[in-house]
Amino acid sequence: MNLTIIGSGYVGLVTGACLADIGHDVFCLDVDRRKIDVLNGGGVPIHEPGLQEIIARNRKAGRLTFSTDVEAAVAHGDIQFIAVGTPSDEDGSADLQYVLAAARNIGRHMTGFKVIVDKSTVPVGTASRVRDAIAEELAARNLSHMFSVVSNPEFLKEGAAVEDFTRPDRIVLGCDEDVPGEKARELMKRLYAPFNRNRERTLYMDVRSAEFTKYAANAMLATRISYMNELANLADRVGADIEAVRRGIGSDPRIGYDFLYAGCGYGGSCFPKDVQALIRTAADHHANLRILEAVEAVNDTQKKVLGQKIVARLGEDLSDRTFAVWGLAFKPNTDDMREAPSRPLIAELLRRGARVKAYDPVAIDESKRVFALDLKDVPQQHARLQFVNEEMEAAQDADALVILTEWKVFKSPDFNALKTMLKTPLIFDGRNLYEPDALLELGIEYHAIGRQHALRNAPRKSRRERPAARAWRHARRYASGCARRGPGRPISLPVTPPARTTRLITEPDMFANVLIVCHANVCRSPAAEMLFKARQASASIAFHSAGIRAMNGHGMDPVMRRLLAERGVASGAHHSRRLDRRLVRSADLVLVSERAQIGEVEALDPASRGKVFPLGKWEDLADVADPHGGEESAYRESLVLIEHLVMGWLKKIC
């Protein structure tokens, strides 16, 4: 299908690249010549894990084009996605000038039926304005081409947008019920069919309800964050531990654990803007959303809480202090600095005379640009802000460490080295990354959000089993079980538990031989085998594959082989083999493509119970559908899922 994406920003790039990756011919339009030049030169103007690789292989395959040619863009796509920015206006409402400009361009150049998809986050009623803008342009040309405007809001999380697009929780489609609307619905159904193979994810509704759904979803998530932040601040006052409270309420299935983490406030391009826009929409209709007004006010206040803790501990005047800051982006896995909590906190430290050494794994360049603008009127403060290339470089000779973004690299540092580098072993944690009692035992003073009680009451010697010892104990039990099951690759484990470590996370290397199983061993399991081999950080684990009903000696499915090559994964000389008891017994871990195959593996070797798991174990036990002999789109969907599941397992076993 020919598709046009108008706007090559965050939403447009991810949408266009992922749709091209399942075989569509995608034309991405943007009026910013510099951005298009970057994309055509092989670069990507945003940081999003996995996106650059997808863009590169689809440009190479000829399925993805970037241009500033408006007329060519309108001519190309039967479906025209509008994915331009909708920044907040001065009164908090969404600025629709770019959306309506895109609509007018479509009306000026369309020559036949078009489906216009509002992908941007827009207020209720925007589709009607888009429809009117197109109709006006057609009337000016004395034409009456049929078209339909569809609302299809995006639900992408920055840092996980590719995964969110390729494996969506839901696909919301708002269509009209007239003849053009029915035609548009059928086209959109065909477009999203590859994402609905395992189960139907599309929710059909009227256009205004679809527009409202996006704002309602983001406002709900922002509400949960502000709610927990308010409780965390109260917990500090009444002597409770917000982490214990989070676990207590999150265990209720009516509540769940998502978005219940206390911290230093939310940021980014979505939550602040969408909460404001929904409040403004209510005001336009003579209503007050008092809960959301409070959500916004709480978040503004929460961004000041960590600074208040610093001042309470170190005093009002910080002119002789140096602070190490870990994390600048508003969340991990992105370089987005919009509304990031780091901005007001660093500005406050500088205002009080402090020197700041800041580090972020990917957002340094964007941070330099943003802080140059934020501090342009106070150059003497800007001069005291230094950006460094390593987290420990920031900590060297600092009076305290401040953590503002929960990057994985910050979750288990070498605390003994950190103590040596800091002038004072003092941490202010805006993301509650560490356990207070563990840091207290290491001699580190730790101030988090809603955890002062845990810090005050943490025993000097915890009676709880250390993480390293607990991991050792489980590994010894697992190794003993393997020995009882029969011969296999040896697992090297110490005879005695490890000494106490300065790191908070220790995982033994338990798996030397991993077997992946599917039906015929020509498509799914060899694809997973090749991806495991290509994606593991080192060759410490041997990966193999077999098929429950395989015929020995067959080559790999040529379609799957070609798709792997597109991803830069060499498939080698694969020869299928039938699963037998010897293969099962020699494996330390067996991963099956479908849950139903667990019983068949265990029937071959009853002693294998306990080491056979679905490939989709970490993703709600997702089965990988067999694409063998089907359309190429089915292969692509299966391969995207397999790669995602492989990466999940590598995080667990490597």
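**The four-stranded sheet**

Start with an open sheet of four strands, paired in parallel, in the order β16-β15-β17-β18. Strands here are DSSP runs of E with at least two residues, helices are runs of H or I with at least four, and both are numbered from the N terminus. Two strands pair if DSSP finds at least two bridges between them. β16 (542-547) and β18 (612-614) are the edge strands, each with a single partner, so one side of each has no neighbour in the sheet. From one strand to the next, the twist averages 25 degrees.

A word on provenance. This is a predicted model, where local features need pLDDT of at least 70, side-chain atom pairs count only at pLDDT 80 or more, and totals for chains, interfaces and linings use all residues. Residues are numbered from 1 along each chain as its sequence is written, and side-chain values use heavy atoms, with hydrogens and water left out.

β17 (residues 589-592) pairs with β18 in the parallel sense over three bridges. Val590 stands opposite Val612 in β18.

**Helices**

What lies across these strands? α26 lies across β15 (513-518), β16, β17 and β18, running at about 165 degrees to β17. Axes are lines fitted to C-alpha atoms, for helices over the stretch in contact, and angles run from 0 to 180 degrees between N-to-C directions.

α26 (residues 632-653) also packs on α23 (residues 558-566), at about 55 degrees, with axes 10 Å apart. The two are therefore oblique; that label covers what is left after under 35 degrees (roughly parallel), over 145 (roughly antiparallel) and 65 to 115 (roughly perpendicular). From α23, Val559, Met560, Arg562, Leu563, Leu564 and Glu566 meet Glu632, Tyr635, Arg636 and Leu639 of α26. Contact means heavy atoms within 4.5 Å.

Next pair: α9 (residues 207-238) and α11 (residues 271-284). Their axes come within 9 Å and cross at roughly 115 degrees. α9 and α11 are therefore roughly perpendicular. Residues meeting there include Phe212 and Tyr215 in α9, and Phe271 and Leu278 in α11.

**Annotated positions**

Which residues does UniProt list for "active site"? The unreviewed entry gives Cys270, Cys518, Arg524 and Asp626. They span 357 residues of sequence and are also spread in space, up to 40.9 Å between C-alpha atoms. UniProt positions follow the numbering used here, feature names are shortened, and annotations may be inferred rather than shown by experiment. Cys518 sits in strand β15.
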